[in-house]
Amino acid sequence: MKLHYEIDGNNFAAAGEASSSVKRILKQLAVDPNIIRKVAIAMYEAEINVVIHADGGWADVEITPEAIKIVFNDNGPGIADIELAMQAGYSTASTKIRELGFGAGM
């Protein structure tokens, strides 16, 4: 099964719709609940990053009996300084985003 989701940048009202949809589908397919939880969390984290840090993007999901493959693509600028980004607490999120409870960094 192949699924495609468009993700709008800065659209917090729609943030999480893709991950919720995949979670519902995995439940319908009777996938192990532990796997569903891990997939839903990982997918939501990536999805919210696209909403916060990129000007939108998309997620492609492929579900087979052997694996669940999720690929995110976004229109963002990328990470300018990966070494800095790996430091605990570092984030490029704006004050507004942090006030919403996002962008806390690693």
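1. Secondary structure. The protein chain has 4 helices and 3 strands, where helices are DSSP runs of H or I with at least four residues, strands are runs of E with at least two, and both are numbered from the N terminus. Read from the N terminus, the order of elements is β-α-α-β-β-α-α.

2. Basis of the note. This is a predicted model, in which local features need pLDDT of at least 70, side-chain atom pairs count only at pLDDT 80 or more, and totals for chains, interfaces and linings use all residues. Residues are numbered from 1 along each chain as its sequence is written, and side-chain values use heavy atoms, with hydrogens and water left out.

3. Overall dimensions and surface. The C-alpha trace of the protein chain spans about 40 × 25 × 25 Å along its principal axes. The chain exposes about 7,000 Å², and carbon and sulfur atoms supply 53% of that area; accessible areas come from the Shrake-Rupley method with a 1.4 Å probe, and for residues only the protein chains shown count as cover. Of the 106 residues, 29% are buried. Buried means under 20% relative accessible area, exposed means over 50%, and partly exposed is in between (1.4 Å probe, protein chains only).

4. Among contacts in the protein chain with a separation of 6 or more, 56% are between residues 24 or more positions apart; a contact means heavy atoms within 4.5 Å. The chain carries 9 positive and 14 negative side chains, and the centres of the two sets lie 8 Å apart. Lys and Arg count as positive and Asp and Glu as negative, while His and the chain ends are not counted. The place of a charge is taken as NZ of Lys, CZ of Arg, CG of Asp or CD of Glu.

5. Strand S1. In a regular strand the side chains alternate between the two faces of the sheet. Strand S1 covers residues 2-7; its covered face holds Leu3, Tyr5 and Ile7, and its uncovered face holds Lys2, His4 and Glu6.

6. Strand pairing. Strand S1 pairs with strand S2 (residues 57-63) in the antiparallel sense over 6 bridges; two strands pair if DSSP finds at least two bridges between them.

7. Serine 21 and tyrosine 5. Serine 21 is found in helix H1 (residues 17-28). Serine 21 counts as buried because its relative accessible area is 14%. Its side chain makes a polar contact with the side chain of tyrosine 5 at 2.8 Å. A polar contact is a pair of N or O atoms within 3.5 Å; within protein, one must be able to donate a hydrogen and the other to accept it, and residues adjacent in sequence count only if both atoms are side-chain atoms.

8. Helix H2. Valine 39 lies in helix H2 and is buried, at 12% relative accessibility. Not counting residues up to four places away in sequence, valine 39 touches Val22, Leu26, Ile68 and Ile70. Isoleucine 35 is also placed in helix H2, which spans residues 33-53, but isoleucine 35 is partly exposed because its relative accessible area is 40%.

9. Asparagine 75. Asparagine 75 sits in the loop between strand S3 (68-74) and helix H3 (82-85). With a relative accessible area of 47%, asparagine 75 is partly exposed. Leaving aside neighbours within four places in sequence, asparagine 75 is in contact with Ala54, Asp55, Gly56, Gly57 and Trp58. Its side chain reaches the backbone oxygen of aspartate 55 at 3.1 Å.

10. Positive phi. Most residues other than glycine have a negative phi, and most peptide bonds are trans. Asparagine 10, not a glycine, has a positive phi of about 65°. Asparagine 10 is in the loop between S1 and H1 and is exposed, at 56% relative accessibility. Alanine 30, also not a glycine, has a positive phi of about 60°. Alanine 30 is in the loop between H1 and H2, and its relative accessibility of 65% means that alanine 30 counts as exposed.
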